[in-house]
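Welcome! The report below is meant as a first guided look.

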Amino acid sequence: MNRVLLTFLLLIAQTALHAVDLAFPKLADAKPVRGELTSADFIHRSGQFHTEKGELLEFTMPPYAVMKYRGAEADLREIPLGTKMTFLMVPDENGHLTRLVTTDDEQPADEAQRQKFIEFTKARGLPGWIEKTEGKQMVVTLFSGDPKNFQKTWMDDFAVGKNIKICVSNDELRTWNVNVDGKGGAVREVQSVPADGFGSSGVRLVLTVSDMLEGFRKGRVVRIYGQSWPQKDFFAESLMNYGVGALLATDFRECPPKHYPDQFPFRTDYGNAHLPWYQITEGTPPPRWSEHLVLGELVKVDAANSSGQFRTERSGELMDFTLLASGATVVVNEGLPAQSIAPVKFQPKLASVRYQNADATLADLPLGQRYRFHMYQDKSGAFTRCSLISDEHSHLTQQHLTYRVTASDPKNGRLEVAWQHPDITNYQRDMESPPPFGHSLLRVTPETRVWKADQPVSLTDIKPGDLLLVNLTSEQKDKPAHCTDLWVTEAAGRTAPKAQSKESKGTKKDKAVKPK
Amino acid sequence: MTSRFCFHSFFAASSLLTACLGLVNAVHAAESYEAFLEKHCIRCHGPEKEKGDLRIDQLSRDFKLGADTHHWAEMMEQVNSGEMPPKKEKQPSQAEMAAFVTNLDSRIKEGRAARMAARPAVSHYRLSRKEYQNTVYDLLGVRYDPAKPGELNEDTLWHGFERIGSELSLSPSHVDRYYRAAELVLDRAFPTTAVEARKVRKTAAEMRYGNGKAQEALDRFGIKRPLRQLLFPGHLQTALSSGWFGKTGPEHSGLYKVRIQASGIRPIGGQAAHLSIGKRTGEETVDGLIEFDLTAPEDKPQVYEFEVFLEMPAALDFCVVATDVVDRRQGAAFRGALGGGAYLFTHSSETLLLNPNAPQMFDDKGNGLFSTVLLDWIEWEGPLVSEAEKSRRVGLVPQDDATPEVVAEHLQRFAERAWRRSVKKEELEQYLQSYRTEREAGEKMADAYRVALQGVMTSRHFIYLVEGDPVARERLTDSELASRLSYFLWSSMPDDGLSTAAKSGTLNGDGLKKEVDRMLADNKTSRFIDDFARQWLQLNRVGMFPPDKKLYPTYDAWLEESMRFEVIEYFRELFAKNLSLDGFIDSDWTMANARLCDFYGLQEPKASGFQRVSLKPEDRRGGLLTMGAVLGLTSDGTRHRPVHRGVWLSEVVLGKPPPPPPANVPAIEPPTPQSPKATLRQKIEAHRNDANCAACHAKIDPLGLAWDNYDAIGQWRTHEKVPAGVGSDPVIDPSGLMPDGRAFKDATEFKRLLLEDRDKVARAFIEHLCTYALRRALAFDDQDDLKAIQAEAKKSDYRIKDIVRAVTLSDLIRKR
């Protein structure tokens, strides 16, 4: 490949990977949007909020971004669902207003919240990005949403000569394995820089480390721990694919197309915007990560022709789809006796339809519900070819998640749920219940069906602590998504890790419970 | 840290007798020890008193017989250590003591040498392991490694020599090993199934990245660079898996050709990448079957080719040897991440394909941070059997329908080659009987005949060099001479030409000269070069005490191996070019590879492997004595040992081993934090105030102290690094006086003085060569012959090959 072109591609990839060019956005440039927090994914630092106009907006947080709650810095998980505040948004590389820089709830600074965040940060490390490396020395600008108090709060631990530990992190501030791959180091110099733009602490550390990691490069994000800080591995934040990290479902593991886009020869939902989408080769299963995920409400199906139509979530476009040629087709060579097995040819299964975590056909899918569609381009470039249709129930199950009810208010049509992962056997071989991965505000209506042990029950039977699986309608303008069905499930929590991994490989088939 | 360094004078005035590996000088002084005994000992240990039940006057003075050697040794020890005469008695002077000890020691050594050199009417000299290996190869074209665990026992060393007959005994367990060895060798010579050479090639993508699937992904992305396998220090990766060839058994053992395309990354200020391929011996180590430095740059990989003998099935690993390793102690995951599936290496500039939590291997400018190898592919081919090897087995086994007479003739022909002499049919009767028994039991010709072959190969006539007849004779027969010559120059059996010459009686006069010249021109002399240089210079001691990693961080296995190679390659060059013996002492060149050039601070050579590089005075090298191996082999792993260096030098270079130190000499105290920093020399000098030690040490220490500018691994220095104490590190003082009083101020001047003594150096070298060739210690009786050899060698100005030729053509070599 042409060297110049390659460099260019790598540059693009670099930008895609870090989504930062080592400049902090000016708060004055951010667009303030009033809204109510309705969903948060703690692991990926993303979420959703409803604007006052009722529009659902999705957001992700750049590495330097930090929420403010009760006038103080707060981690995403510290902010209750339904909190109304101003979301300060900046556009992403496509010009869409999806990057959340911070929030403002117009409260006076609350010292208890401030202390809570300090405690959290000590467990998780103070983030920053690398401005420069030379030998085993690097210059790191630390992030903060509160530069005024930064010196006072943190700089005793980062004075010249202090020992520190430093970990590579991705731009979601997730590390690989803090206790194992963190590197010891020491502060050599502390520099003050103008806290230009939101996110900068105004402090730059010159550090030396015992060993350089691949990720210690200019532009990369790191997390730094003071010497006596309780470094903690947050389950599901670790990007290692072994140990308890191996118990995680795909969505919570390291995302290769995001972190190593160069390994992918096509555009993905996570990167490589400069490349074309993967083109289907007839008869060949498309590679992993090649799909374009679209959420939408099923409008109609033509089961005979394996096709149908759905309305895309939020944007409301009608899209036609056709499933890729599917199923195990047996082709027998006519010239040979029927009992001969040699000429039998199996065509791989290229498309699947999942409903309530079981294989289904298009005809099995209730219309009016929201599904996840894995789409591919047809010859004209339109995304009409589909390799997977999956309902929310199946998706949740596949992600090893259930919704644990934290607050139930059926009268007002509100149900607050935490994203609950099954208990795990930790490194001490004790069963441990992982903290929630996120939380959401679900809408229920009198039409919402509720199922418990195959029997219909009432919405009012749902109590905090219940574990739910759900199916929903799609979010449309002036018509927010609501639950069509709720299943009160067994405590998925006691699943042994082995069974979980089996399940994730699809060897275990849950029995579908169909609404009647 | 303990060091005993009390040695006693051996350069005592005039013609004091000193033993060289058991050899004594011609003229004995008046038995000075008798006068000492009379004056200081007999009064209490004689006819009047018999203290300790010891009557010295009645001890045997026949040292050759050695009946009372233990008493004499004890007496020497008592005087040497100052225990005797008792304190209340009149004390001998220092000079008296030194003379007594030296004189007695030389008599004891002389006696021991004479006993070792004594030959019965028929003497047996067992083949060393190396000789056995070479012999079966030359006899049958079979490769066999007797040094492999479970094979032949290690040879006993005597002053570094592996082939001294009186040292090489044979225990019952050893006999069993020879039987197994013969069986294995015959299995390989006559395999039951035909074995074809096979070839397998593995690319980096196949070996490291799941059969190339990752490469497909990159190809589609348009990255045309192929995936390369990153081999890094501190971690082993597969170089040959037994499954690669498909079904593989012992029958596939043999010579393999391996080709490797790779580049080497040298970090700034670090070492050139060195790759070692061999069987895993530890978590981070292999026994290096193949060792080489890679200097080909990243974008210009080179194909490296080697031939290696493999015992199959074999599993081999790559091991990058470097001082700075990607340390497991930094966390298993730290290093493990380099081996992870997501870590796709194509080029140092493409870091986005690499795990962020893996160790960084290249900095932002593309400079390597560790010595690494970037591997493209490896190819194995074998077992390869040359026509020459095959030809050695042609016609060995009789036809299936052969008559008993024909079978007997076949066996006789084989036995004559194997036993290196004419063989009478009746000598083979027992083996033929075994053959017949097998045949009668229904075995096929080939199987039955193998039993007879095995008999021949386990006979003492094969395993030993047998010289002499029941009726004693002084000179060798021609066939015995042929064997002696060929084991001297080729470390193996005579070839057909030499055997024929022996049989036809032409191994004398011009016929002998012709044969010797032919032998010296043969490639097989490289075995002499390897074996003799290793044994003479005692290279087995290199790395015996592994240098402390903290004190000598640049020392590693490959440097050690390279140091050993340097000596051998240097000797090879001197021999091949027939250069003067002065080259042992000083030169303006050496033989070095990239690693050594690095170590000596010389410019990195362009080509890989060993090559002649020139030296300038400021390089402070030249000759054997400033080579890393020689300087290091006397060290104890933490510091240099001047006394041991002196002993080595006097023994190996001057042929004069000093008397042993007395027992229980207190060690030099390790430095304490409160004391001022002092060089080892200063401490030794303080130690030497002990009168018992001073006389001898004054003679021996300067020989070692002259090299004080070189530390325990042979690095040049001007100050001695002292770990504890007050003040700065002291300056080295390498000056001193030769035993004869000539002064030198440093190693360079010392070398100059040594060159003035070239006759002594030549004499010592000739004695070592003769010990090696005759497989025995030299004795007083050999003096005249040695003188004659020296005179002959001097005619050609002591050129190395000419010296070897003079030894080969000497009268001594023809004597039993």
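What follows looks at confidence and domains in chain A, and then at chain B and one of its helices.

Chain A has a mean pLDDT of 86, with 86% of its residues reaching 70 or more. Where pLDDT is low, the predicted coordinates should not be read in detail.

**The domains of chain A**

| Domain of chain A | Residues |
|---|---|
| domain 1 | 27-249 |
| domain 2 | 277-394 |
| domain 3 | 399-504 |

Domain 1 and domain 3 of chain A have centres 29 Å apart, taken over C-alpha atoms. Their contact involves 17 residues from domain 1 of chain A and 20 residues from domain 3 of chain A. On the domain 1 side, strand β1 (residues 31-41) of chain A gives the most, with four residues. That side of domain 1 of chain A is made up of 11 nonpolar residues, five polar and one charged.

**Chain B as a whole**

Chain B contains 28 helices and 15 strands. Its domain assignment gives five entries, domain 1 (32-117), domain 2 (122-196 + 387-468), domain 3 (198-384), domain 4 (539-660 + 672-756) and domain 5 (758-814). Between domain 1 and domain 2 of chain B, the C-alpha centres lie 50 Å apart.

Along the principal axes, the C-alpha atoms of chain B fill a box of roughly 100 × 85 × 50 Å. Among contacts in chain B with a separation of 6 or more, 73% join residues 24 or more positions apart.

**A closer look at one helix**

Which residues of helix α25 (residues 747-756) of chain B are buried? They are Ala747(B), Phe750(B) and Leu754(B). Seen down the axis of α25(B), the buried residues fall within an arc of 55 degrees, so they line one face of the helix. And what do they pack against? The buried residues of α25(B) meet α19 (582-585), β15 (743-744) and α26 (758-774) of chain B.

Conventions. Residues numbered from 1 in each chain as written. Chains lettered and ligands numbered in written order. Predicted model: local features only at pLDDT ≥ 70, side-chain atom pairs only at ≥ 80, totals over all residues. Domains from an automatic or database assignment. Contact = placed C-beta atoms within 7 Å. Helix = DSSP H or I, 4+ residues; strand = E, 2+ residues; numbered from the N terminus. Nonpolar A, V, L, I, M, F, W, Y, C, P; charged D, E, K, R; others polar. Buried ≥ 20, exposed ≤ 12 C-beta atoms within 10 Å, placed from the backbone. Arc of directions from axis to C-beta. pLDDT = per-residue confidence, 0-100.
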